[in-house]
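The following paragraphs are meant to be read with the structure open beside them, moving from one element to the next.

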Amino acid sequence: MPFKQFGLPSSLVRNVLALGYVTPTPIQAQAIPAVQAGRDLVATAQTGTGKTAAFLLPVLQALLERPRGTTGALVLTPTRELAHQIEAVCRGLAAGTGLRSALVVGGAPAYPQQQALRAGVELVIATPGRLLDLLNSGHGKMAGLTTLVLDEADQMFDFGFFPDVKRIIARLPARRQTLLFSATMPPDVARLGQAILRDPLRVAIGTQGTAACGVTHTAYPVPAYRKTALLQHLLAQLEMPSVLVFTRTRRGARRLARALAESGQKVGELHSDRTPAQRAKVMQGFRSGAFPVLVATNIAARGLDVRHITHVVNFDLPHVPEEYVHRIGRTGRAGDEGDAFVLVSPDEADLLARIERQLGKRIPRLHLDDFDYVAGGAPALPNKPGRRPPVTSGGGGKKPSRGQGSRWRN
């Protein structure tokens, strides 16, 4: 079904085609008509399936049909990176329509954001903390708002965000359309969402909390103190053109990025200790391929849309299984293939088991014969760069996935 069959204005259809969208994805095909009909919506779909356009297109259509100069729609997101990404998509979809949007996020000058809110831009894309600060200071009027979107809704209802979200919602008209979008929606989060929804329609594409089918998972059991050495070994021996590595803490990200750089890798780091300018610069460098490895905290688990990421490495396992789904959703996007590696220490075995229950399958374990798991550096290999390192033979003789090596041992 082409996008024009949704009854979208011709300007939006032209912009959709200019951005390279040809056929609506399943989440777009189900969500757009529901939003157009004015329904509250709870929508879940795997990452990289087009959720942003699924809510932006009908929201922009509604804004085109109402008077200008009043904020009619608000999109709340948990991170600046995701807010920037949504705003970029919005600019492309709304090009030439005259609709105005404002990005309201922390770490950026407040005055331009104050001006935009006072001017009544039609669409505001914001993180909760900065928006609440500006509203408390008397900037911006939400009396004319008709649509609220919570993107990555599961994290927006996390206790770290929920108090600010509730305070913002208290300032919005009671009669409005509310849309919740996320890749995962745990039951306790869904129950919190019921308080702000009116007879919502539920749209679920695929099995909730699972990864895209193009992602291949592999776990590398390794002592915690040898994780850095194993990652250096994998980066040196496998063909890994674009790698996103997740650590649990900012300090861990800094330490790992430094170690990888000292081993000769071109690497960037992304975490909340970096300034907005530094974060923007590192994202530009990663997207352009200036460096092939990005070490990040969970700040990059949502909203990071880089189509060429080939590998996601969980250097530290997340404590919440749903976060694993969001992390690996940075690869295998829009039908592409990708690899998800897990460096799992013995004390993380329970976390891995919880992730496997979330995925509904066991992740194969892989043990390398040519890596020293006890001490010292990995031995030099005769393999040419980009070739698969030898590993212990295992049962089954299953064909290896791209970039992983030969057979694994369970």
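**A walk through the predicted model**

In this predicted model, the buried residues of helix H13 are Pro-321, Glu-322, Glu-323, Tyr-324, Val-325, His-326, Arg-327 and Ile-328. Because eight of the eight residues of H13, which spans residues 321–328, are buried, this helix is largely enclosed by the rest of the structure.

We turn next to the sheet. Seven strands form an open sheet with parallel pairing, and their order across it is S3-S4-S2-S5-S6-S1-S7. Strand S3 (101–104) and strand S7 (201–204) stand at the edges, and each has a single partner strand, so one side of each is left without a neighbour in the sheet. On average, and with direction ignored, neighbouring strands of this sheet are turned by 15° against each other. As background, the strands of a sheet pair through backbone hydrogen bonds, and the pairing may be either parallel or antiparallel.

Within this sheet, strand S2 (residues 73–76) can be followed residue by residue. Ala-73 and Val-75 point one way from S2, Leu-74 and Leu-76 point the other way, and all of them are buried. S2 runs parallel to strand S4 (residues 123–126) and is joined to S4 by four bridges, with Leu-76 standing opposite Ala-126 in S4. S2 is also joined by four bridges to S5, again in parallel, and here Leu-74 stands opposite Leu-148 in S5. From S5 (residues 147–151) the pairing continues to strand S6 (residues 177–182), which runs parallel to S5 and is joined to it by five bridges; in S6, Thr-178 is the bridge partner of Leu-148.

The helix pairs come next. In general, two packed helices are described by the angle between their axes and the distance between the axes. Helix H5 (residues 110–119) packs with helix H6 (residues 128–136) at an angle of about 65°, their axes lying 11 Å apart, which means that H5 is roughly perpendicular to H6. The crossing of H5 and H6 is right-handed, and the residues that meet are Ala-110, Gln-113, Gln-114 and Leu-117 in H5 and Arg-130, Leu-131 and Leu-134 in H6.

H10 passes H11 in a right-handed crossing, where Thr-228, Leu-231, Gln-232 and Leu-235 in H10 meet Leu-256, Ala-259 and Leu-260 in H11. The residues of the contact of H10 with H11 divide into five nonpolar, two polar and no charged.

Two single residues complete the walk. Ser-242 is found in the loop between helix H10 (227–237) and strand S9 (243–246), and Ser-242 counts as buried because its relative accessibility is 2%, below the 20% cut-off. Apart from its neighbours within four places in sequence, Ser-242 is in contact with Phe-286, Pro-292, His-308, Ile-309, Thr-310 and His-311. Asp-350, in helix H14 (residues 349–359), is exposed, with a relative accessible area of 63%. Asp-350 and His-319 are 31 residues apart in sequence, and their C-alpha atoms are 9.7 Å apart in space.

Definitions and conventions:
Residues are numbered from 1 along each chain as its sequence is written. This is a predicted model: local features need pLDDT of at least 70, side-chain atom pairs count only at pLDDT 80 or more; totals for chains, interfaces and linings use all residues. Side-chain values use heavy atoms; hydrogens and water are left out. Helices (H or I, at least four residues) and strands (E, at least two) are DSSP runs, numbered from the N terminus. Buried means under 20% relative accessible area, exposed over 50%, partly exposed in between (1.4 Å probe, protein chains only). Contact means heavy atoms within 4.5 Å. Two strands pair if DSSP finds at least two bridges between them. Axes are lines fitted to C-alpha atoms, for helices over the stretch in contact, and angles run from 0 to 180 degrees between N-to-C directions. Angles under 35 degrees count as roughly parallel, over 145 as roughly antiparallel, 65 to 115 as roughly perpendicular and the rest as oblique. A crossing is left-handed if the near helix is turned anticlockwise from the far one by less than a right angle, and right-handed if clockwise. Ala, Val, Leu, Ile, Met, Phe, Trp, Tyr, Cys and Pro count as nonpolar, Asp, Glu, Lys and Arg as charged, and the others, Gly among them, as polar.
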